[in-house]
Amino acid sequence: MEPATNLFDLGPAAMREYFAAAGERPYRATQMLKWMYHRGVTELGSMTDISKPLRQRLAETTRFALPEIVSEQVSADGTRKWLLRVDAQNSIESVFIPEPDRGTLCISSQVGCALDCSFCSTGKQGFSRNLDVAEIIGQLWLVNRRLGYFESRQRIVSNVVMMGMGEPLLNFDNVVQAMSLMIDDLGFGLAHKRVTLSTVGVVPGIDRLAETSQVSLAVSLHAPTDELRNLLVPINRRYPLAELLAACRRYAEATGGEPITFEYVMLAGINDSPAEARELGRLLRGLPAKVNLIPFNAFPQSGYTRSPMPAIDQFRDILREAGLVTITRRPRGEDIDAACGQLVGQVLPRAARLRRPRLEHHT
Ligand code: SAH
């Protein structure tokens, strides 16, 4: 049988609890975290400052398990995408986006997604399961190893965005624990501001996050009215715009007025008119807000097209006139399907899995 505890599932606090419960001194947790996250070492045999008897016990009771890299693709623009196998049926994707002044890793929080936003290919695949802590932090660990971080300690990945597959606030505990490993000095030591959680607008999750974390928040807005947002982002029926923006205001207050990023996918003829830009400007008035316009990335059977560039520029100018810092996100990695909304991995949806036994029963 496999040893019970995967040490990659333990955030800094859980690691301290684990060693305390095993009757060990607190500095053992510090040593272990440094081996794993500063030096990238996962062989107990190399952990020479940990006593031999303790290493023997750890060998019997713990393991170091991470996803497995299945493939790596490199875009003409330098963007890299990895397919990572998390179990026999399921794979996820992570994307590294190099820019002159930073390197951003976009990581997944769930296998698939249950929220089914009408323009997102991840949603079309259905939902399989939450990722565990090891599978979330493992994306950053594996990419860092691949990019030579543990040898050079050069921060090639300087920013992490939880903008891959899944809705991070619906996998709250694991995501928060993984983010604490990104931020903690004994983990990867990234500044809070350089870790961004993007949510479709799960209001109770935003409030919980404000209590536990100081990370940057991004909200996928996509429409300035409930009528339109109900169509594009079905969860808006449960948490309409007024409630969502009130939660954003509370989050900004709790984190000292840091601006919240509002993502807005530009869909031709759907949400990209000048009137909608003005409406959006009014909606966000008084909030510490930035707007990211995302040119829609097509995928088979998406049924939408990208807004023409002049329409995106006009939309941006109206928002800027309303006093909002607005940028247009340049699509990256399109040639390898690595752009926003194009991540699909390999997902065995839970519904299909549940259906199968029933079908067998009838035959
Ligand atoms: N579920 C979270 C995290 C995913 S972030 C959230 O919705 O925020 C991924 C971002 O890409 C979201 O803003 C999403 O709305 C956007 N997106 C999804 N499909 C897209 C597409 N086809 N083209 C451009 N952006 C898309």
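Hi everyone, let's start at the ligand. One of its oxygen atoms is 3.2 Å from an N or O atom in the side chain of glutamate 263. Please keep in mind that this is a predicted model.

Who else is around the ligand? In total, 21 residues surround it, and the closest are Phe119, Ser198, Ser220, His222 and Asn297. Let's zoom in on serine 198: a polar atom of its side chain lies 2.6 Å from an oxygen atom of the ligand.

How many strands form it? There are ten, arranged as an open sheet in the order 3-4-5-6-9-10-11-12-13-14, and the pairing is mixed. As a quick reminder, strands of a sheet pair through backbone hydrogen bonds, and they can do this either parallel or antiparallel. At the edges of our sheet you'll find strand 3, residues 68–74, and strand 14, residues 325–328; each of them pairs on one side only. Ignoring direction, neighbouring strands here are turned by 20° against each other on average.

Strand 13, residues 289–295, runs parallel to strand 14, and four bridges join the two. If you'd like a pair to look for on screen, take leucine 293, whose bridge partner in strand 14 is threonine 328.

A helix packs on this sheet too: helix 7, residues 172–183, touches strand 9 (159–162) and strand 10 (195–199). The direction of helix 7 makes about 160° with that of strand 10.

Last stop, a pair of helices. Helix 8, residues 203–212, packs against helix 10, residues 241–254, at an angle of about 5°, and their axes are 9 Å apart. Angles under 35 degrees count as roughly parallel, so helix 8 is roughly parallel to helix 10. Which residues make the contact? Helix 8 brings Val203, Ile206, Asp207, Leu209 and Ala210, while helix 10 brings Glu243, Leu244, Ala247, Arg250, Tyr251 and Ala254. Sorted by type, the residues of this contact are eight nonpolar, three charged and no polar.

Terms used:
Residues are numbered from 1 along each chain as its sequence is written. This is a predicted model: local features need pLDDT of at least 70, side-chain atom pairs count only at pLDDT 80 or more; totals for chains, interfaces and linings use all residues. Side-chain values use heavy atoms; hydrogens and water are left out. Axes are lines fitted to C-alpha atoms, for helices over the stretch in contact, and angles run from 0 to 180 degrees between N-to-C directions. Angles under 35 degrees count as roughly parallel, over 145 as roughly antiparallel, 65 to 115 as roughly perpendicular and the rest as oblique. Contact means heavy atoms within 4.5 Å. Ala, Val, Leu, Ile, Met, Phe, Trp, Tyr, Cys and Pro count as nonpolar, Asp, Glu, Lys and Arg as charged, and the others, Gly among them, as polar. Two strands pair if DSSP finds at least two bridges between them. A residue is near a molecule or strand if one of its heavy atoms lies within 4 Å of it. A polar contact is a pair of N or O atoms within 3.5 Å; within protein, one must be able to donate a hydrogen and the other to accept it, and residues adjacent in sequence count only if both atoms are side-chain atoms.
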